[in-house]
Amino acid sequence: MSADKRYESSQALFDRATEVIPGGIYGSKSPGFTVPGRFPYYFTEGAGCRLKDADGHQYIDYLCGFGSMILGFGNPAVDDPAVAQLRKGDLLNQPGPAMVELAEKLVDLIDGMDWAVFSKNGTDATTLAVSLARVHTGKSHILMADGAYHGSANWCSSNSHPILRDKDEVRTFAYGDASELEALFDELEGRIAGVILTPYHHATWGAQIMPPEGWHQEVRRLCDKEGALFVMDDIRANFRMSLYGSHTIVDARPDFIAMGKSLANGYPIGALMGTEELKKTAAAFFITGTFWTSTVPYLAALACLGEMERMDIVSHMNAMGRRLGEGLIAAGADAGYRISMTGPPAIPFMTFADDPDLWHNQEFSARMAAKGVYMHPHHNWFLSYAHKEPDVDETLEKAAEAFMEVKTVFGE
Ligand SMILES: Cc1ncc(COP(=O)(O)O)c(C=O)c1O
């Protein structure tokens, strides 16, 4: 089937959307972020690790709602209590008891953290962390890694219009480059409120980078020397590296941890956690949003955490990710390609050697989409508890065909 016909309904919806929604679909979900014309633009259903698009095609999904689906789409253990609460009312005037229970649960679970506040999106949590770091230290500057994504807010987004960027007070350094970071600390001595980092570098483009030996300890040392705070943005890696916080895997000791995405298996909730020392500052800060106290996502988060604890989801997802990665490297090699898999196995990304513009990734992903596997060409992928061996093996069979097709397209 030609790409035009395959995505006919997606295209028709998109054409209608451009009349009434600026850009049709904006941000990281815009067609230009995948392979325009060769990817579905709209989805209608999800079950387990599979999605259905607006044209009725099924996909084994490796984007998992940009990481937020961790137990499977439509997981009844999460959805049943959430839907039951929905029928009784979601946004009530005041928070429900589940808000307290969730804070208690997270304080119990997440290593080194003593309190939690909640929001909707991850951007709310990272932005709040940066604000609290500035208020607590009385200093202005925030340091972040080049190419890091901490949300769509103007202070951190590289997609933001230059006139809106906080460029004088938010400075960047190369992830993992301790001497560059130390030089920035020297240059800005007395002005640094905090450093925000992800547990490993999932750059907005290309291969992912694990932290070099000693990196997070060096960040801690520099923060302590300056009296600055260390914010761990665990929003993307959350619960796929460890149930106790990804910082425990990379040996980091942050002051704040921002969370979101997989916390409630797709229900909208973000969280900022912090140490005892910062509790007073957080208590005095005006933190709110009309929908931040909706009860349903709290129940979903509690149920999701319960399921994640009950089953050994981290080792399952990482085992599936390893199976996928090893299979892709082998299938690529059969077609004559040198394939790299980067990042933790449960949050992998694939690149072809000598493909800096990701043209090969785009062709490969478009071919996989046509075969019913959703693998993003530019954004890292995610495994979930719902991905089982047969799903991964079916993916690998299709990948073997796709690599051969890519070879023909590029005449290699
Ligand atoms: C590391 C990281 N931080 C922050 C965010 C922002 O989260 P949200 O899109 O929920 O605002 C994201 C989203 O992709 C992310 O990956």
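**Exercise 1.** Find which side chain has an N or O atom 2.6 Å from a nitrogen atom of the ligand.

*Solution.* Step one: look for a polar contact, a pair of N or O atoms within 3.5 Å. Step two: the side chain is that of Asp233. Step three: turn to the ligand's oxygen atoms; one lies 2.5 Å from a polar side-chain atom of Thr123, and an N or O atom in the Arg236 side chain is 2.8 Å from a ligand oxygen.

This is a predicted model, where local features need pLDDT of at least 70, side-chain atom pairs count only at pLDDT 80 or more, and totals for chains, interfaces and linings use all residues. Residues are numbered from 1 along each chain as its sequence is written, and side-chain values use heavy atoms, with hydrogens and water left out.

**Exercise 2.** List some residues around the ligand, and sort the shell by type.

*Solution.* Step one: take residues with a heavy atom within 4 Å of the ligand; among them are Tyr149, His150, His202 and Lys261. Step two: the shell holds two nonpolar, seven polar and three charged residues, with Tyr counted as nonpolar, Lys as charged and Gly as polar.

**Exercise 3.** How many helices and strands does the chain have?

*Solution.* Count DSSP runs: helices are H or I, at least four residues, and strands E, at least two. This gives 12 helices and 13 strands.

Conventions: Polar contact = N/O pair within 3.5 Å; in protein donor to acceptor, adjacent residues only side chain to side chain.
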